[in-house]
Amino acid sequence: MTPEKFRSNLIALRDCLTNDQASTRDTLKHESARLTARAPINMAEQASDSQELDMMVSRLNASSEALAEIDEALDRIDAGQFNVCEECKGEIGERRLTIQPWAKFCVKCQRKLEEDDA
């Protein structure tokens with residue numbers, strides 16, 4: 001797959017995540033207002049409402065991180081470094097980039113980093 005095809009896939013993914021974020025923000029705003037307008041009936045309901053809001057915030061955080069990764073991948077395409085591993089400077093395989101187009105590391109280096117973190 002060409003870098004331009006990866007670019008178009010990344011842009012489509014970025015657009016999808018951006019739309020999802022907007023929708024989640026709207027829902028979060030609506031739910032926060034709804035919960036503020038009424039008092040919870042019991043502690044279990046309050047905990048459930050709080051957990052639901054926490055999950056929405058976590059979803060926003062995760063999508064923000066993914067958007068940053070996508071933007072970095074687009075920058076690497078512009079710099080001609082899209083399929084170059086940041087660790088060993090070897091090639092990141094097309095199969096890996098097809099699965100995770102924002103990958104910064106080849107499979108071997110990614111495994112090593114994960115083992116070092118464990």
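Q: If helices (H or I, at least four residues) and strands (E, at least two) are taken as DSSP runs and numbered from the N terminus, where is the place of Lys89?
A: Lys89 sits in the loop between α2 and α3, the latter being the run 94-99. This is a predicted model, in which local features need pLDDT of at least 70 and side-chain atom pairs count only at pLDDT 80 or more, while totals for chains, interfaces and linings use all residues. Residues are numbered from 1 along each chain as its sequence is written, and side-chain values use heavy atoms, with hydrogens and water left out.

Q: Why does Lys89 count as exposed?
A: Buried means under 20% relative accessible area, exposed over 50% and partly exposed in between (1.4 Å probe, protein chains only); Lys89 has 59% relative accessibility and therefore counts as exposed. The phi of Lys89 is near 65 degrees, a positive value in a residue other than glycine.

Q: Why does Ser63 count as buried, and which residues does Ser63 touch?
A: Ser63, whose place is in helix α2, has a relative accessibility of 7% and so counts as buried. With contact meaning heavy atoms within 4.5 Å, Ser63 touches Leu17 and Gln21, residues up to four places away in sequence not being counted.

Q: What makes a set of residues a nonpolar core, and which residues have the most contacts inside the largest one?
A: A nonpolar core is a set of buried Ala, Val, Leu, Ile, Met, Phe, Trp, Tyr and Cys residues joined through side-chain atoms within 4.5 Å. The largest such core has 16 residues, and those with the most contacts inside it are Leu10, Ile77, Phe82, Cys85 and Leu97. Two or more residues of this core are given by α1 (3-37) and by α2 (43-78), and α2 supplies the largest share, five residues. A second, separate core has five residues, among them Leu28, Leu35, Leu53 and Met56.

Q: Which residues does Ile77 touch?
A: Leaving aside residues up to four places away in sequence, Ile77 touches Pro3, Glu4, Phe6, Arg7, Leu10 and Phe82.

Q: How many disulfides does a search of the whole structure find, and why is there no bond from the sulfur of Cys106 to the closest cysteine sulfur?
A: The search finds zero disulfides. A disulfide is a pair of cysteine sulfur atoms within 2.5 Å, whereas the sulfur of Cys106 is 3.6 Å from that of Cys109, the closest cysteine sulfur, and therefore too far for a bond.

Q: Why do Cys106 and Cys109 count as buried?
A: Cys106 has 11% relative accessibility and so counts as buried, and Cys109 is likewise buried because its relative accessible area is 10%.
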